[in-house]
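Please look over the sequence and the model shown below before reading on.

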Amino acid sequence: MDIRMVLKCTDSMELYTDNKPYAFSIQLPRPLTLKGYWSVALLETFLPSRNKHSDEVYIYTNLCEDTIVGNRELPLLRKVHLEAEESSNKIFTFPYEVPVRLGQVHDVHVYIKDAKGLEARFLQEGVSLTLQLRFRGLQ
């Protein structure tokens, strides 16, 4: 069983009034109960940027189990390379699947940081991510 999600930084603004392109939360239309072994993958991104140079961004979400990132453990979904002033869709032909934190999910929290670990404030309104949750079986 797969669950696809298209998450926009402007979704759930009535509930999360402080949402920004680089840090946003989305309330799901219904709670998801994740039992067994699940993975999550980033299928597509739209990351409008006003950055004047190429950069890497790190996309984190509360859905992911922690990964070692440098000297920390963080819920990294994927690292994405951005070209200078790029504002195009990226579709990942070979998405990385990351283990999911189990339990009940009511909200998805996303935060995007640059290669230095700082908020990716160069991102503009319109950020969207397409995620796929995949059931892998019982443990």
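What follows is a short report on selected features of this model.

## Basis of the description

The model is predicted, and local features are described only where pLDDT is at least 70, side-chain atom pairs only at pLDDT 80 or more, while totals for chains, interfaces and linings use all residues. Residues are numbered from 1 along each chain as its sequence is written, and side-chain values use heavy atoms, with hydrogens and water left out.

## An open sheet of four strands

Four strands make up an open sheet with antiparallel pairing, in the order S2-S10-S4-S7; strands here are DSSP runs of E with at least two residues, numbered from the N terminus, and two of them pair if DSSP finds at least two bridges between them. The edges are taken by S2 (23-34) and S7 (76-82), each of which has a single partner strand, so one side of each lacks a neighbour in the sheet. On average, neighbouring strands of this sheet are turned by 20° against each other, direction ignored, where the axes are lines fitted to C-alpha atoms and angles run from 0 to 180 degrees between N-to-C directions.

Strand S4 (residues 55-61) is joined to S10 by five bridges, the two running antiparallel, and Ile59 has Ile112 of S10 opposite.

## Lys113 in strand S10

Lys113 belongs to strand S10 (residues 103-114) and is partly exposed, at 24% relative accessibility; by the scale used, buried means under 20% relative accessible area, exposed over 50%, and partly exposed in between, with a 1.4 Å probe and protein chains only. Leaving aside residues up to four places away in sequence, Lys113 touches Glu56, Val57, Tyr58, Tyr60, Leu118, Glu119 and Ala120, a contact being heavy atoms within 4.5 Å. Pro95 is 18 residues from Lys113 in sequence, and the C-alpha atoms of Lys113 and Pro95 are 20 Å apart in space.

## Salt bridges

The count of salt bridges comes to six, each defined as a side-chain nitrogen of Lys or Arg within 4 Å of a carboxyl oxygen of Asp or Glu. One of them joins Glu56 and Lys79, at 3.7 Å from N to O; because Glu56 lies in strand S4 and Lys79 in strand S7, the pair ties together parts that are 23 residues apart in sequence. Glu56 is partly exposed at 27%, and Lys79 is partly exposed at 41%.

Another joins Arg101 and Asp66, whose closest N and O atoms are 2.8 Å apart. Arg101 lies in the loop between strand S9 (97-99) and S10, and Asp66 in the loop between S4 and strand S5 (67-69), so this pair ties together parts that are 35 residues apart in sequence. Arg134 and Glu97 also meet in a salt bridge, at 3.2 Å from N to O, and link distant parts of the chain, with Arg134 in strand S11 (residues 128-137) and Glu97 in strand S9, 37 residues apart. Both Arg134 and Glu97 belong to a network of salt bridges that includes Asp2 and Arg136.

A search of the whole structure accordingly finds zero disulfides. Cys9 is buried, with a relative accessible area of 1%, and Cys64 is buried at 0%.

Note on methods. A disulfide is a pair of cysteine sulfur atoms within 2.5 Å.
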